[in-house]
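Subject: Structure handover

Hello,

Here is the structure I said I would pass on. My notes on what turned up in it follow below.

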Amino acid sequence: MVGTSAGAGIGTAGGEASLQLPDLGGVEVLWGVSGRVLLALGLVVCMAGLAFGVAVYRELRSLPVHTSMREVSELIYSTCKAYLTKQGKFLLILWVFIAAVIVVYYKVLVGFGWGRVAVVIAFSLVGMAGSYAVAWFGIRVNTLANSRTAFASLRGKPLPLHRIPLRSGMSIGMVLISLELMMMLLILLALPSDIAGACFIGFAIGESLGASALRIAGGIFTKIADIGSDLMKIAFKIKEDDARNPGVIADCTGDNAGDSVGPSADGFETYGVTGVALVTFILLGVHDPAVQATLLVWIFVVRAVMIVAAAASYQVNDAWTRRKYRDAERMDFEAPLSSLVWITSGACIVATFLTTAAVLGGSGADAQWWRLALIVSCGTIAGALIPELVKAFTSTQSRHVREVVKSSRQGGPSLNILSGLVAGNFSAYWLGMVVVGLMGGAYLISTQGLGDLMVAPSVFAFGLVAFGFLGMGPVTIAVDSYGPVTDNAQSVYELSVIEDVDDIDAELDRDYRFTPQWDRAKRMLEENDGAGNTFKATAKPVLIGTAVVGATTMIFSIIVGLTDGLTTGLENLSLLHPPFLLGLVTGGAMIFWFTGASIQAVTTGAYRAVEFIKATIKLDGETKASEEDSRRVVEICTQYAQQGMLTIFLGVFFATLAFAFVEPSFFIGYLISIAIFGLYQAIFMANAGGAWDNAKKIVEVDLHAKGTALHDATIVGDTVGDPYKDTSSVALNPVIKFTTLFGLLAVDLAVDMTDRGQHGLAVTLAAVFFVASAYFVHRSFYGMRIRSSLEEDPSAAAVDGTAPLVPTQATESAAPDAAATDDAAAQAPLLEAPGR
């Protein structure tokens with residue numbers, strides 16, 4: 001691959017490694033202030049954002065909470081810590097594979113000295129550590145907020161149940177965006193300009209690796225635990241989050257592993273990779289160093305200003321919410337979340353235009369400033385429109401979700417699942433049209449003169465749309481983090497068995513000066529959980545949308561290098577060139593394999609979790625499951641999450657190497673294909689899962705139909721939707737970006753071999769890497785499939801693999817009465833092992 005240095009002609013060897021930053025201090029913007037000074041002020045904004053996160057953390061710790069609830073949340077946190085510690089060690093093992101390729105690329109191909117190679121490797125570690133750190137901060141804040149939210153519900157007022165989860169989510173969003181922006185600003189300001197480009201690539205690959213592993217493993221973990229816990233409601237007719245169920249603690253841990261750790265790392269990586277894609281484009285596609293410097297300063301100043309706009313919007317929305325709901329007995333928990341998104345969108349658009357006018361108004365790009373601001377605003381509008389569309393398919397108030405409930409009433413699980421599939425498919429159409437429309441609008445704007453500043457202005461416009469998507473970053477993360485807190489709060493309430501504490505009413509009146517509203521508290525927690533489900537769903541398409549749109553910009557960087565600055569070989573990027581077409585077909589195959597492999601890991605892990613829970617649950621004479629049994633379920637979830645993640649990651653890793661070594665145009669087609677297939681697969685799965693989830697919530701909260709056949713049908717639908725929405729769909733986002741970023745290095749290695757006359761070696765390596773990838777694809781099913789107890793341990797006392805997962809003995813000994821036993825036996829066929 002070939003690339004360009006700032007101000008140099010196309011053709012400098014080394015591709016993205018040779019990118020050299022222009023002199024940022026040589027450009028005066030904003031009333032004569034230098035670019036470096038403005039970027040330094042951005043660091044001040046980042047420090048303020050981090051300070052906000054720390055302040056909220058301390059505030060949450062000081063909020064009142066009953067001992068019984070705090071003990072549960074601390075147990076959840078301790079299991080989360082154990083999980084994250086194991087994941088950290090696992091990440092280092094995976095990083096060794098990436099580090100090896102970085103060394104070969106930068107040392108052997110590019111010719112960097114060992115010192116410069118070490119700096120690039122160090123920044124890959126920094127990127128991975130950043131993803132890991134924000135994930136850790138997220139679980140700590142969420143596990144403080146869950147018990148405080150649960151306790152606040154006892155006062156019977158809904159406002160605190162909204163403010164605590166949203167404030168904790170906002171702290172995560174501010175810390176995440178501020179930390180990521182600070183790291184990128186430090187690369188711009190502190191490193192020599194001739195190595196900063198390589199460090200950006202290393203940083204992005206590191207954070208992408210961290211996000212991919214934590215997203216995949218977290219998604220598998222959380223759904224193993226969730227399904228294992230949910231199926232007990234059918235098997236034993238027990239309530240949700242029954243304290244006697246040892247799977248509930250694992251479910252709560254999974255809420256954090258999948259819905260906090262994963263999204264935090266994913267959001268960190270998405271924000272960073274989109275920035276790196278834009279930086280790479282500017283250095284490759286803009287030839288004037290002065291314009292390069294101005295555009296780089298503009299992008300990062302706008303990012304800093306948007307952090308301020310998001311923080312201000314949150315404060316305004318919080319003040320309005322407090323005024324409206326201060327004395328309310330009931331509230332629509334979705335309403336203030338929706339208003340926050342729209343207020344932030346409007347504030348960010350205004351801030352974008354004002355900042356762009358100030359920074360670019362007096363530069364060489366002065367005639368284009370309003371066009372650039374308008375393109376960014378297309379993405380910002382999408383960040384508000386997409387959540388509204390998602391709610392049309394996943395909200396408890398939506399017709400699609402209510403259609404799922406109605407179809408379940410007469411058709412049971414079968415029609416429940418079909419209606420959910422309908423919702424997912426329709427959502428993919430409407431969200432796809434919105435993304436295409438906004439990208440199309442950005443393209444039309446880019447044709448109005450941006451070509452005078454750069455090559456392929458439409459690609460830059462697409463990158464700016466992704467940039468605008470992320471303009472509301474802190475708020476997007478906040479409404480996403482709202483979900484795991486509200487979900488955990490409901491669980492903490494039940495697991496604390498606070499209602500059974502001796503003389504609890506008098507204790508609360510004496511120590512906290514209020515009389516508990518038990519029934520009202522439980523209802524509000526369930527309603528708030530429904531709002532959390534909806535807004536968890538709204539963040540998923542935003543992140544996958546930015547992944548695809550941002551990947552478009554990064555793919556262009558590869559194309560620029562392969563075509564010597566868009567001057568040669570463009571005919572290879574045509575459907576008339578067979579390798580390019582074959583690459584388009586191959587990408588779809590990988591997306592569908594990944595979907596199946598991730599669900600298979602959930603299926604096998606859930607089978608083992610259910611098997612253990614069934615053998616250990618005690619319903620007679622017990623109030624709580626033992627901590628030892630709960631931790632064992634967490635270990636089962638962790639085991640299968642790591643096994644699934646390792647197999648899937650190595651399959652993706654070797655596939656990227658194999659296809660990059662086949663032929664460059666084949667690889668370009670492959671990258672485009674996984675982005676497009678991944679976009680629609682992710683949207684479909686995420687929103688189908690969201691519809692199933694909230695259909696169950698309607699049955700539980702609005703219809704008060706827990707324990708009925710209708711409830712059982714919606715539970716089955718929810719367990720199908722669990723890996724759809726929280727495993728496969730969400731993990732496609734980091735997988736697409738990791739493949740694209742890692743491909744920057746891999747395709748460079750392959751082209752260099754061919755240029756040196758080693759085409760035969762490149763083809764041989766492609767074959768070897770493909771065999772390795774195919775091996776892990778094979779193992780992702782045959783190595784993860786469900787085996788009967790007899791297969792695994794012939795001496796085991798268990799019967800053959802056709803035995804139902806609801807053992808008769810366990811049911812009879814555990815059931816509190818004969819009626820419950822009969823109910824469980826009637827449901828046993830739903831839980832039978834394969835082959836019955």
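Searching the whole structure gives 29 aromatic pairs. One of them is F649 with F738, a tilted pair whose ring centres are 5.6 Å apart and whose planes make an angle of 50 degrees. F649 belongs to helix α16 (residues 627-662) and F738 to helix α18 (residues 709-755), so this pair ties together parts that are 89 residues apart in sequence. F649 and F738 are both buried. They also belong to one aromatic cluster, which is formed by F97, F649, F653, F654, F661, F738, F742, F769, Y775 and F776. Please keep in mind throughout that this is a predicted model.

Next, the surface, beginning with a nonpolar patch. The residues forming this patch are V422, F426, Y429, W430, M433, V436, I676 and Y680, and together they have about 760 Å² of accessible area. Two helices, α10 (399-446) and α17 (664-702), each supply at least two residues of the patch. The largest share comes from α10, with six residues. V436 is in helix α10, and its relative accessibility is 47%.

D509 has a relative accessibility of 42%, so D509 counts as partly exposed.

Two backbone angles are worth a look when you check the geometry. Most residues other than glycine have a negative phi. V497 is not a glycine, yet has a positive phi of about 40 degrees. This valine, V497, is found in the loop between α12 (473-495) and α13. R513 is another residue other than glycine with a positive phi, in this case near 65 degrees. R513 is found in the loop between α13 and α14 (518-562). Which class of accessibility does R513 fall into: buried, partly exposed or exposed? With a relative accessible area of 69%, R513 is exposed, because the limit for that class is over 50%.

Regards

Notes:
Residues numbered from 1 in each chain as written. Predicted model: local features only at pLDDT ≥ 70, side-chain atom pairs only at ≥ 80, totals over all residues. Heavy atoms only, no water. Buried < 20%, exposed > 50% of the residue type's maximum accessible area, 1.4 Å probe, protein only. Phe/Tyr/Trp six-rings, centres within 6.5 Å; stacked < 30°, edge-to-face > 60°. Helix = DSSP H or I, 4+ residues; strand = E, 2+ residues; numbered from the N terminus. Patch = residues over 30% accessible without salt bridge, like charges linked within 9 Å, V, L, I, M, F, W, Y side chains within 5 Å. Areas by Shrake-Rupley, 256 points an atom, 1.4 Å probe, with all protein chains shown as cover. Salt bridge = Lys/Arg side-chain N within 4 Å of Asp/Glu carboxyl O.
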